[in-house]
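Have a look at the sequence and the fold, then read on.

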Amino acid sequence: MKHTTRWFLLAAACILVTTAVRSPAAEKTPADKINVLIIDGQNNHKWQVTTPALKAMLVKTGRFSVDVVTTPDRKAPKDAWDTFRPDFGKYGVVLMNYTGSPWPAEVCAAFEKYMAAGGGLVFYHAAVFSHKRWKVWNEMMGMGWRKPADGDRLTVDAAGKVVRTPKGEGPGGGHGPAHAFEMTVRDKDHTVMKDLPAKWTHIKDELYHGMRGPAKNVHILATAFSDKKTRGTGTNEPMVWTVSAGKGRVFVSLLGHDVPATTAPGAVAVLTRGVEWAATGKVTLPVPKKVTAK
Ligand code: ZN
């Protein structure tokens, strides 16, 4: 499925509205499981098949209890959104498998409060298209599928140094044809990346490039080389990163265009551990043995 920019035509940024939410409950009973909320319902990807795959991979670890909230369709009447009021405070972490219509302002405000109180947020693949006009959201994402004019870009040079490209210069969000590519860990000491091979080969997937945004408080955990031979940028593009958002923790993984790419061993290791980290700041889940060094 090709990406389009039609989502960006949707109007209305989220504005602040007073709504109370409970403090995030990272590790609730029973059985000390982390409550995860997956949000889907609109996407330029097949969320109907990736959400069950995401849920299954999380449940299989035994560490998570997973709920799914599906938004109204993008063509739904405005009042259909009246029932979309996720109770974020019940969850240790929110996993975004959504990009589409802006949420009601009340929901945006509730989510901002949830994150300010120490919530967890995980962006999965095309979720970095979402909520282009929501300023706080862009800060939480760090970088996403945006135009060059929308923000800075971070890449990693051959020496492993992070390079910042100012807005307006260089490419915006894009990708060449899907292909298998090598993942390179950039912080082997980070609790999510610890025990992963320094490099591993990810199966056929989209290698996003030109991610843009405020790019503040971004910590790059893994990159992939975007080869010009595959219509890439000729540099190391961030694939996995964290963003510190006040007390909140944000984790981003760009892997997973389809179910096979989402459920490839390295992608599973990164996402399940990233979800646990976003909820608790710690990782107890092991790296599957199938993630073997290249
Ligand atoms: Zn995709």
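Among contacts in the protein chain between residues at least 6 apart in sequence, what percentage join residues at least 24 apart? In this predicted model, the figure comes to 71%. The chain itself has 294 residues, and 55% of them count as buried. As for secondary structure, there are 5 helices and 11 strands.

**The zinc site**

Let's start with the metal. The zinc ion gets its protein donors from His45 (NE2), His125 (NE2), Glu206 (OE) and His257 (ND1), at 2.0 to 2.1 Å. Along the chain those donors are spaced as H-x79-H-x80-E-x50-H. Take the pair His45 and His125, which sit 80 residues apart and link distant parts of the chain. His45 belongs to the loop between strand S1 (34–40) and helix H1 (47–60), while His125 belongs to the loop between strand S4 (120–124) and helix H3 (135–141). Both of these histidines are buried.

What about the geometry? The angles among the 4 donor atoms run from 93 to 158°, and the site is irregular. A tetrahedral label would need all angles to lie between 85 and 135 degrees. For reference, the ideal angle for four tetrahedral donors is 109.5 degrees.

**Aromatic rings**

Next up, the rings. The count comes to 18 aromatic pairs, and two of them are worth a look side by side:

| Pair | Centre distance | Plane angle | Type |
|---|---|---|---|
| Trp81 and Phe84 | 5.5 Å | 90° | edge-to-face |
| Trp134 and Trp137 | 4.9 Å | 20° | stacked |

Why is the Trp134 and Trp137 pair stacked? Their planes are at 20°, and planes under 30 degrees apart count as stacked. Trp81 and Phe84 have their planes at 90°, so that pair is edge-to-face. As for burial, Trp81 and Phe84 are both buried, and so are Trp134 and Trp137.

**Strand S7 and its partners**

Strand S7 (residues 179–185) has 5 of its 7 residues buried, so the rest of the structure largely encloses it. Which way does S7 run relative to strand S8 (residues 199–205), parallel or antiparallel? The two are antiparallel and are joined by 5 bridges. Met183, for instance, has Trp200 of S8 as its bridge partner. S7 also pairs with strand S9 (residues 218–226), again antiparallel, through 3 bridges. There, Val185 stands opposite Ala222. In a regular strand, side chains alternate between the two faces of the sheet.

**Helix H5**

Helix H5 (residues 265–280) has 16 residues, which at 1.5 Å a residue should span 22 Å; the end C-alpha atoms are 22 Å apart, so the two agree. Is H5 enclosed or open? The rest of the structure largely encloses H5, because 15 of its 16 residues are buried.

**Arg164**

Finally, a residue from strand S6 (residues 162–165): Arg164. Its relative accessibility is 42%, so Arg164 counts as partly exposed. Leaving out residues up to four places away in sequence, Arg164 touches Asp152, Arg153, Leu154, Pro214 and Ala215. Ala215 lies 51 residues from Arg164 along the chain, yet their C-alpha atoms are separated by 8.8 Å.

How values were computed:
Residues numbered from 1 in each chain as written. Predicted model: local features only at pLDDT ≥ 70, side-chain atom pairs only at ≥ 80, totals over all residues. Heavy atoms only, no water. Phe/Tyr/Trp six-rings, centres within 6.5 Å; stacked < 30°, edge-to-face > 60°. Buried < 20%, exposed > 50% of the residue type's maximum accessible area, 1.4 Å probe, protein only. Helix = DSSP H or I, 4+ residues; strand = E, 2+ residues; numbered from the N terminus. Pairing = 2+ DSSP bridges. Donors = N, O, S within 2.8 Å, 3.2 Å for Na, K, Ca; no water. Tetrahedral: all angles 85-135°; square planar, octahedral: opposite > 155°, others 65-115°. Expected span 1.5 Å × (residues − 1). Contact = heavy atoms within 4.5 Å.
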